[in-house]
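Please examine the structure shown here together with its sequence. The briefing that follows is grouped by topic.

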Amino acid sequence: LFPLLLPFSCLLGCDTSLPCSAQGRSLPAGTLKPPAGRLRAERPKQWGTLQLPCLCLFWRNTLKLWNKYRISNIPSLIFLDATTGKVVCRNGLLVIRDDPEGLEFPWGPKPFREVIAGPLLRNNGQSLESSSLEGSHVGVYFSAHWCPPCRSLTRVLVESYRKIKEAGQNFEIIFVSADRSEESFKQYFSEMPWLAVPYTDEARRSRLNRLYGIQGIPTLIMLDPQGEVITRQGRVEVLNDEDCREFPWHPKPVLELSDSNAAQLNEGPCLVLFVDSEDDGESEAAKQLIQPIAEKIIAKYKAKEEEAPLLFFVAGEDDMTDSLRDYTNLPEAAPLLTILDMSARAKYVMDVEEITPAIVEAFVNDFLAEKLKPEPI
């Protein structure tokens, strides 16, 4: 198979970022070298300094790719199978670092069971084989002691872990450290009642980061007993479900916007239905209204083994909603049906007196067909 490299980087529009420039230079020589005359750009001076060995897109054509692959930081490098268009690897920068000679080409995804194979540690020094995870739900926890949000989540996660184990569930967490020294790892791991990949096993830690395309910490990936991903939003789920009643946290088609999940608005286009009430009944009715459309879209893209192009939210009346309305300069009307695309700084607004399932479905379909005209945020 011939993988297609997608280097999401500010190199696509400028050469001002040192990390981006360094990663651009580290792409293997000869990779997808363009034919003469094919490498053109809207900003020739900036592009001329890049000397990338791969094909490049015009800047105006890249925004859809940023949204499709939910790029949240740069530089980022994604590998695709050029035949099927499916993602081979989300964290290509680690691939380049770990396999600069391309010996593991084409870097296809491996099953969790294969990547995690080897000894795992408890904080008392006990060592267990990864085969002990069979039959269990697993949380793969990417975290580090130097990261304040990580330490805050760890305190909550310890209680959640205890409650789930006391309920008799087969559940284990594996800590994959991003600490900067083994001493920091040991100090942090001493607070955790679960397992960890040994800090000295840098290759296995890197492979797990590559497998799940980790772009930031803390991240908690929830897996079913077969090693398939249930949700990448374990952090949000744990914070929103302190009693762990919804374990193992299968994704909901429609989310109620809150402080803990608001960061997901930055992951790509989001449909947000604003309702004019603090009453839970009003929010629940709104969720029921858009849920069939959300489920239909999710199922359609799941069948193609792709992520849905939209996330779906209901927003009530609270400080979070007020801040979002102010930031996006939305009218105070409610109900208000919107699609917000933060990365493109664009919004799509349908301000009607009554919102019906047919109106929502038509709005979503028009957006996906690029028939709607965006307004700037």
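**Helix α12**

In α12, the residues Val360, Phe363, Val364 and Phe367 are buried, where buried means under 20% relative accessible area, exposed over 50%, and partly exposed in between, with a 1.4 Å probe and protein chains only. Seen down the axis of α12, these buried residues fall within an arc of 95°, so they line one face of the helix; the arc is that of the directions from the helix axis to the C-beta atoms. The model is a predicted one, in which local features need pLDDT of at least 70 and side-chain atom pairs count only at pLDDT 80 or more, while totals for chains, interfaces and linings use all residues. Residues are numbered from 1 along each chain as its sequence is written, and side-chain values use heavy atoms, with hydrogens and water left out.

- Helix α12 covers residues 357–368, has 12 residues and reaches 16 Å from its first C-alpha to its last, close to the 16 Å expected at 1.5 Å a residue. The expected span is 1.5 Å times one less than the number of residues in the helix.
- Just after α12, Glu370 adopts a positive phi of about 60°.

**The chain as a whole**

- The secondary structure of the chain amounts to 12 helices and 16 strands. Helices (H or I, at least four residues) and strands (E, at least two) are DSSP runs, numbered from the N terminus.
- Of the 377 residues in the chain, 46% are buried.
- Among contacts in the chain with a separation of 6 or more, 63% are between residues 24 or more positions apart; contact means heavy atoms within 4.5 Å.
- The chain exposes about 19,500 Å², and carbon and sulfur atoms supply 50% of that area. Accessible areas come from the Shrake-Rupley method with a 1.4 Å probe; for residues, only the protein chains shown count as cover.

**Nonpolar cores**

- In the largest nonpolar core, which has 24 residues, Tyr141, Phe175 and Trp194 touch the most other members. A nonpolar core is a set of buried Ala, Val, Leu, Ile, Met, Phe, Trp, Tyr and Cys residues joined through side-chain atoms within 4.5 Å.
- At least two residues of this core come from each of α6 (148–166), β7 (171–177), α7 (182–189) and β9 (219–223). Helix α6 supplies the largest share, 5 residues.
- Apart from neighbours within four places in sequence, Phe175 has contacts that include Tyr141, Phe185, Tyr188, Phe189 and Trp194.
- A second, separate core has 23 residues, among them Ile290, Ile293, Ala294 and Phe363.

- In α7, Phe185, Tyr188 and Phe189 are buried. Viewed down the axis of α7, its buried residues fall within an arc of 95°, so they line one face of the helix.
- On the other side of α7, Glu183 and Lys186 are exposed.
- The buried residues of α7 pack against β4 (119–121), β6 (137–143), α6, β7 and β8 (195–196).
- Ser160 lies in helix α6 and is buried, with a relative accessible area of 1%. Leaving aside neighbours within four places in sequence, Ser160 is in contact with Val238 and Cys244.

**The open sheet and strand β12**

- An open sheet is formed by 6 strands in the order β11-β13-β12-β14-β15-β16, with mixed pairing. Two strands pair if DSSP finds at least two bridges between them.
- The edge strands, β11 (255–256) and β16 (375–376), each pair on one side only.
- Strand β12 (residues 270–274) pairs with β14 (residues 336–341) in the antiparallel sense over 5 bridges. Within this pairing, Val272 has Thr338 as its bridge partner, and Phe274 stands opposite Leu336.
- Strands β12 and β13 (residues 311–315) run parallel and are joined by 5 bridges; in β13, the bridge partner of Val272 is Phe313.
- In β12, 5 of the 5 residues are buried, so the strand is largely enclosed by the rest of the structure. Cys270, Val272 and Phe274 lie on one side and Leu271 and Leu273 on the other, and both faces are covered.

**Strands β2 and β3**

- Strand β2 (residues 76–81) is mostly covered, with 6 of its 6 residues buried. One side carries Ser76, Ile78 and Leu80, the other Leu77, Phe79 and Asp81.
- Strands β2 and β3 (residues 87–89) run antiparallel and are joined by 2 bridges; the bridge partner of Phe79 in β3 is Cys89.
- These two strands form a hairpin with 5 residues between them, and Gly85 in the turn has a positive phi of about 80°.
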